[in-house]
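Here are some notes for a colleague who has not looked at this structure before. Please read them with the sequence and the model at hand.

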Amino acid sequence: MNDRLYLLAIRFKPATSPPHRTGGCLEGGPSIIPLARDCKRPIAGIPHRRVSSVDMLLSTAEDLAAFVSELQKESDRGLALVGAALIDEKLKETLRAFFVEGKVASKLLDQGNGTLGSMSTRIDLCNVLGLLDDYERREIDLLRKIRNEFAHSIHGLTFKSGRVAGLCSSLTSELPADGDYPLTDPRFRYTNATVCIILRVYHRPDWVALERRKVKSWVDNDATKWQSLERDTPPPGISPVMAIGRLRRRDPRAD
């Protein structure tokens, strides 16, 4: 295939469905199907759940399809860590695409102990800068908390563990309304939310780069320049004026 643009469709495949030639998935899990951009409907015979609003190259769609397929084969710990890691990387690259280019941006984003070194900080900053909407912020923050539960547990934790299951039940990404899907299964809900968020933010850095910040001068340099009131009196009508300097002693002989 060439570099034609494609849309992504998400297909939730019931356990009884045969694997499609584009790649199978675990029972009850989501899979990604690349569709031609000019298709008005899905490929014949393939039900789909949603189509992303961002066009992408077929090669990107195939990469994401492979990622989701591998993601579902991960252990519970691996699923939580790997899924959140890709989202975190997209947040970092979204901020990099928005910041003024230069060493300061790299210092903030790339140093492990830098100001923006944590996923939590990047989530909040992307939101207050308008780079994530409120739904995305809440959902990603829940995924982060679930990731942390696994990251900070030595062993034995699963998606059915109390704290993790409770967090997964709070995820609000849309679930399939028809079909035999384990909608209450915490692992299914986590996988569903991860895929939904990845689809939304995968190309966010590319769009944000169109609005990259540039250094702007807000005050003229002459506004903070030392001047002599004897030579450079304030223009008429400009008031008040702040003057900082030394008072000149008056010569008593001048009286």
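Does Asp133 count as buried, exposed or partly exposed?

1. Asp133 counts as partly exposed, at 34% relative accessibility. Bear in mind that this is a predicted model.

2. Asp133 pairs with Arg200 in a salt bridge, with 2.8 Å between the closest N and O atoms. Asp133 sits in the loop between helix H4 (119-128) and helix H5 (134-151) while Arg200 belongs to helix H7, so the pair ties together parts that are 67 residues apart in sequence. Arg200 is also partly exposed, with a relative accessibility of 34%.

3. Helix H7 covers residues 186-201 and spans 22 Å from first to last C-alpha, close to the expected 22 Å. Of its 16 residues, 15 are buried, so H7 is largely enclosed by the rest of the structure.

4. Arg144 is three residues from Asp141, and Lys145 is four residues from Asp141. An α-helix has 3.6 residues a turn, so residues three or four places apart point the same way. Asp141 is buried at 15% relative accessible area, whereas Lys145 is partly exposed at 33%. Elsewhere, shared partners link Asp133, Glu136, Arg200 and Arg204 into one salt-bridge network.

5. For the chain overall, there are four strands and eight helices, and in sequence order the pattern is β-β-β-β-α-α-α-α-α-α-α-α. The chain has 255 residues, 40% of them buried. The whole structure holds 12 salt bridges.

Key
Residues numbered from 1 in each chain as written. Predicted model: local features only at pLDDT ≥ 70, side-chain atom pairs only at ≥ 80, totals over all residues. Heavy atoms only, no water. Helix = DSSP H or I, 4+ residues; strand = E, 2+ residues; numbered from the N terminus. Buried < 20%, exposed > 50% of the residue type's maximum accessible area, 1.4 Å probe, protein only. Expected span 1.5 Å × (residues − 1). Salt bridge = Lys/Arg side-chain N within 4 Å of Asp/Glu carboxyl O.
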